[in-house]
Amino acid sequence: MVNRQLSLLAMGLAAASYAAAQTHKPGSFEDGGDTLVSAMMMFLGNPDKVYILDKSENNAAKFGNYPAMGAVYDIASRQAQTMGVSTNVFCASGMHLPNGSFATFGGNGAVGPGGNISDVPYPNNPYQGFFDTQFGDYDGTKAIRILNPCTDADDFSSPNCQWFDNASLLSMQSQRWYSAAEPMGDGTVVLIGGFTNGGYINRNYPNVDPAYEGGAANPTFEFFPANGRSPQFMNFMNKTSGLNAYALTYLMASGNMLVQANYSTVLWNPLTNEETDLPDMPGQIVRVYPASGANAMLPLTPANNYSQTIIFCGGIYMNDWQWGNYSWPFEDTWTIAASNKCHTITPEPSDGSPVEYVEDDDMPVGRTMGQFIALPDMTYLVVNGGANGTAGYSTRTYNTLQMPFGMSLAAEPVGQPALYDPRKPKGQRWSTAGFDTSPIPRLYHSSAILLPDASVMIAGSNPNVDVNLTAYFPTTYKAEIFYPSYFGASTRPTFTGAPTTLSYGGDPFDLQIPATAYSGSANDAADNTTVVLLRGGWTTHAMNMGQRIMQLNNTYTVNNDGSITLHVAQPPPNPNLFQPGPAMLFVTMSGVPSNGSWVIVGSGKIETQPTQPASVLPASVRLDGVSGSANGSSSSPGTTDSSGSNGATSHTGAIVGGIIAAIAVVGILG
């Protein structure tokens, strides 16, 4: 297999910050440029670049002689360039690694035009594509692809800046398509379930072989790196047969994982493979793919003692027959309204109370394929999706041979974002006030990610088996940037002194906020300032795998010149709360965030993370009669300049390339 090989040498990422140098209307969408490949997957690689992956299809943009599957998007210029990807990344999973690299796992077999099996199948299996001579893609069902993100200071034509994608050197132990990925506290990634082949949902009907579906389902889990461990059978995959693709997973403080699929929920220990049943999803609403409800872990804060609560919103209810089988749904899904219900669950309550789902406020409108984006003011934006139907695409259903919306199984795109604030009283948590509605449908294979300036990039949508620019819901290459309400502030906070690495416990650090970063009373400003650690995750299929947001404890000193010194605690000494790897550090004043500063949390290695006692902070020191010198209010409406001067200078810790070599060796030997 020929591919641009990733150098296994260490790389340092230059300090950078977002510098669009323009004003933005709060609640609005701006043209984000062309992504070249449809953004089925995205992740923020560093403060400069967003990386984009698409399935193997007939994209006009090429890499070499073949249609491109990958691209790198420059945030400042809003322009993309193609990247080489060798194996079909269609419906893979992905995750950050502790050193700041990223990995993507699995995918589909090789395909050619029309999504058909490649013209070079495996010799012993004509139903599994090995390589396609027109699209140039190889079988991706066992692939592991590694990327060291590069910045503007690097040469993107160098192999160092390309995907390492060579399944003969690095691969999983079993085929996985639509698998889940969740990091553990040591940085190991757990890969759960998936198809080996298939289509709409992960079952035949009648479902006489719920575990393996005649070989099309993979009911096992495995580790990356494997370290000698073989895949193991996971009973939950058998229990939730059919509706368990892209199982929803969240690592808990104990090291157990919340796993949700179909309408079932368990607390699972990946080291012992023991499961504890938790309550079913109320109303048997399905939130996992292809119902694709929005889901996220709510903010971890000192006030809630870093308690972990998960929220699920939207999705859809259909009865067992309506869901159909691998080929297609038995119901005309686009005629069924998506749910507007939301539920939360706290899997490990500190007071020992019974675990239960709690109904939360309804969303303003039901959504399938809605996606939660954590914002640095500790609210959540829901974007994308449709009011009717499910994810996926098909040529027909049980009853309908002529599909009304092309291949799409969803309809009625929801183009207006909605904001969820978990701190508000029940009945007041959702709002769409001041938000524009995008005219671009964002349905199956759409994605969204938080950018370093705290705006949100939205891209993708392609409910088509191959590129189709004339379909009712066409293949979409146009990106948008959405600007939340805090872009109405006339002043954005700035700070200096950001570290490049954070530890689990240990000595606190200081951040300096100049008087020019705020207006009004210094004491009031300091009282309303928070420091937030945020990881946007790996976005695909209405999920942000690995997304988390944590408020770091802080005190402050108000200085005579109006500047404020923030004394900031390291993350708590439990890596399970915020797993090791890349993140952004924000300072938020009166609900208005700074630009994010890039940090690496933990040791940068896949290992038991070093911990120290929790940080001890000095008492806050107030000073009356001191004020900020910014013009206007840091929370007033209006427009804001989001140039680099309006946020922290972002620093990226050195990427230890040696660990990638170690991972590769362990992956091969394991």
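Which residues form one aromatic cluster? The members are Phe 90, Trp 177, Tyr 178, Phe 195, Tyr 246, Tyr 289, Tyr 326, Tyr 393 and Tyr 444. Keep that list handy, as several of its names come back below.

A word on the ground rules. This is a predicted model, where local features need pLDDT of at least 70 and side-chain atom pairs count only at pLDDT 80 or more, while totals for chains, interfaces and linings use all residues. Residues are numbered from 1 along each chain as its sequence is written, and side-chain values use heavy atoms, with hydrogens and water left out.

**Rings and charges**

A pair of aromatic rings is described by the distance of the centres and the angle of the planes. Here, rings of Phe, Tyr and Trp (its six-membered ring) pair if their centres lie within 6.5 Å; planes under 30 degrees apart count as stacked, over 60 as edge-to-face and the rest as tilted. By this rule there are 38 aromatic pairs. Take Phe 90 and Trp 177: their pair is edge-to-face, with 5.4 Å centre to centre and 65° between the planes. This pair links distant parts of the chain, 87 residues apart: Phe 90 is in the loop between β8 (79-83) and β9, and Trp 177 is in the loop between β13 and β14 (180-183).

Arg 396 has its charged end over the ring of Trp 328, 4.2 Å from the centre. Likewise, Arg 492 lies over the face of Phe 487, at 4.7 Å from the ring centre.

**The cores**

A nonpolar core is a set of buried Ala, Val, Leu, Ile, Met, Phe, Trp, Tyr and Cys residues joined through side-chain atoms within 4.5 Å. The largest one has 129 residues, and Tyr 178 and Leu 511 touch the most other members. Leaving out residues up to four places away in sequence, Leu 511 touches, among others, Phe 495, Pro 499, Val 531, Ile 564 and Leu 585; contact means heavy atoms within 4.5 Å. There is also a second, separate core of 52 residues, including Val 37, Ala 39, Ile 75 and Leu 451.

**Strands side by side**

Strands of a sheet pair through backbone hydrogen bonds, either parallel or antiparallel. Two strands count as paired if DSSP finds at least two bridges between them.

Another open sheet has four strands, in the order β14-β15-β16-β17, and its pairing is antiparallel. The edge strands there are β14 and β17 (232-233), each pairing on one side only.

| Strand pair | Bridges | Facing residues |
|---|---|---|
| β10 (102-105) and β13 | four | Thr 104 and Arg 145 |
| β16 (220-224) and β17 | two | Thr 220 and Phe 233 |
| β22 and β23 (310-313) | four | Ala 294 and Cys 313 |
| β2 (29-34) and β34 | five | Gly 33 and Ala 479 |
| β33 (456-460) and β34 | three | Val 456 and Phe 482 |

Strand β34 (residues 478-482) is mostly covered, with four of its five residues buried. In β22 (residues 294-297), Ala 294 and Ala 296 point one way, Asn 295 and Met 297 point the other way, and all are buried.

Most residues other than glycine have a negative phi, and most peptide bonds are trans. So which peptide bond into Pro 290 is cis? The one from Tyr 289, with omega near 5°. Pro 290 sits in the loop between β21 (274-278) and β22. A cis bond also joins Phe 224 and Pro 225, with omega about -5°, and Pro 225 lies in the loop between β16 and β17.

As for phi, Cys 91 has a positive value near 55° and lies in the loop between β8 and β9. Cys 91 counts as buried because its relative accessibility is 0%. His 445 has a positive phi too, about 70°, and its place is in the loop between β31 (430-431) and β32 (446-450). At 4% relative accessibility, His 445 counts as buried.

Definitions and conventions
A charge sits over a ring if NZ of Lys or CZ of Arg is within 6 Å of the ring centre and within 35 degrees of the ring normal. Buried means under 20% relative accessible area, exposed over 50%, partly exposed in between (1.4 Å probe, protein chains only).
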